[in-house]
Amino acid sequence: MDAEQLREYGHRMVDFIADYYKSIESFPVLSQVKPGYLAELLPESAPNDPECLQDVFDDILQKIIPGITHWQSPDYFAYFPSNSSTAGFLGEMLSAGFNIVGFSWVTSPAATELEVIVLDWLAKMLKLPNQFLSTGPSGKGGGVIQGTASEAILVVLLAARDKILRKVGKKSLEKLVVYASDQTHSALQKACQIAGIFPENLRVLKTDLTSNYALSLEVVSEAISSDLSAGLIPFFICATVGTTSSAAVDPISELGKIAKAFNMWFHIDAAYAGSACICPEYRHYIDGVEGADSFGMNAHKWFLTNFDCSVLWVQDRSDLIQSLSTNPEYLKNKASLFFPSVVAPRTFSLVCFRLIPPPNDQDNGYKLNHSLLDAVNSSGKIFLSHTVLSGNFILRFAVGAPLTEDRHIKTAWQVLQEQATTLLKDY
Ligand code: PLP
């Protein structure tokens, strides 16, 4: 599909979606199909020949839409809303068009920097204390986008686990205890399983109508005291603002104080209700957030943003970094670090190669190839990454962009030769 076809089909796709929104109320909100319905309607294997867009639209109308539960329908009142907006959807289109894979700064500086800036904006809208901002006084805080609130809980639990284990020693894993209410989302239990917290050390504390299904401070304090006397190590409290069952709100100010007194990590899961706390009349529900180590909310629930976009802020991002960073060689770049590298046989579309240094300077092969990569990337004409194999610095040339033609490979080869020639002149 060339750019003009994209324009034509893109317009038709927008029309299709606009028509869908116009007629959304005409569909049964909950899909009425039976399990396995789709296999009866689709061929057993992928078609060999392409179909025209109209046929695809017809298939979507007849075969796919019946199997859709219409989350954006005005008649949808289940679970929690997962609201997008037409503005959000247009933003998704742009994002899909760019299709950036932003795993490190250099892979698109704007992606990383926009995330940091927008999360600071959102933190300010929520009136989060400055410690949660990347520009806050400590310089340690900041926000990061996760896929889901479940991921956010896992990420902070891992950070908290490693933080305490650095202090008490790895062998104490079996003693670590987590506290939450029986209304906490099951994501916490899953996170505990993944993090290796012993199942018997997850305290699911009872709530009832007398506390409006919020955690009782007495129950929490008693559980912590009893675990301490048993020689266990309380290390993590998860509070919820807006529980999944009944939108209950745990007493976060007081829980923060308890967490501080016992040196525990305090996470606030405001997956659903967090967005509402932007409104001044609801902000008081997160009073006391300054006592939390981490705070998360789902922009994809109630903030008119497409799934998936879960926002997590921490007061000290070094805990997350220490726990979750890996720094494989192929991700290092000018903005981070360089090391030396070797050549591997080509199997698929990845060519690993290096410039052979002049005979009088064999020792400097790594530096030479490092400089070559730098020069090539700085030209802005092509972009390569590198790796280290058997201790040698290797340039990686991975072909696979759908728009790449022969001429682009030839130009790349030219750029490489030009830069290598310039470099070798200095030897
Ligand atoms: N926490 C709360 C309070 C929730 O209500 C939910 C989902 O409804 C979650 C966590 C899990 O959210 P996610 O699906 O983004 O993992």
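Me: Which strands does helix 5 (residues 109-125) lie across?
Reply: Helix 5 lies across strand 1 and strand 7, running at about 110° to strand 1. Axes are lines fitted to C-alpha atoms, for helices over the stretch in contact, and angles run from 0 to 180 degrees between N-to-C directions. Helices (H or I, at least four residues) and strands (E, at least two) are DSSP runs, numbered from the N terminus. The model is predicted: local features need pLDDT of at least 70, side-chain atom pairs count only at pLDDT 80 or more, and totals for chains, interfaces and linings use all residues. Residues are numbered from 1 along each chain as its sequence is written.

Me: What makes strand 6 (residues 294-298) and strand 7 (residues 310-314) a pair?
Reply: Two strands pair if DSSP finds at least two bridges between them. Strands 6 and 7 are joined by five bridges and run antiparallel, so they meet the rule. In one of the bridges, Ser 294 has Val 314 as its partner in strand 7.

Me: Why is Lys 301 called buried?
Reply: A residue is buried if 20 or more other C-beta atoms lie within 10 Å of its own, exposed if 12 or fewer, and partly exposed in between, with C-beta atoms placed from the backbone. Lys 301 has 24 such atoms within 10 Å, so the residue counts as buried. Lys 301 sits in helix 10 (residues 299-302). Leaving aside neighbours within four places in sequence, the contacts of Lys 301 (C-beta atoms within 7 Å) include Phe 80, Ser 82 and Tyr 272.

Methods
Contact = placed C-beta atoms within 7 Å.
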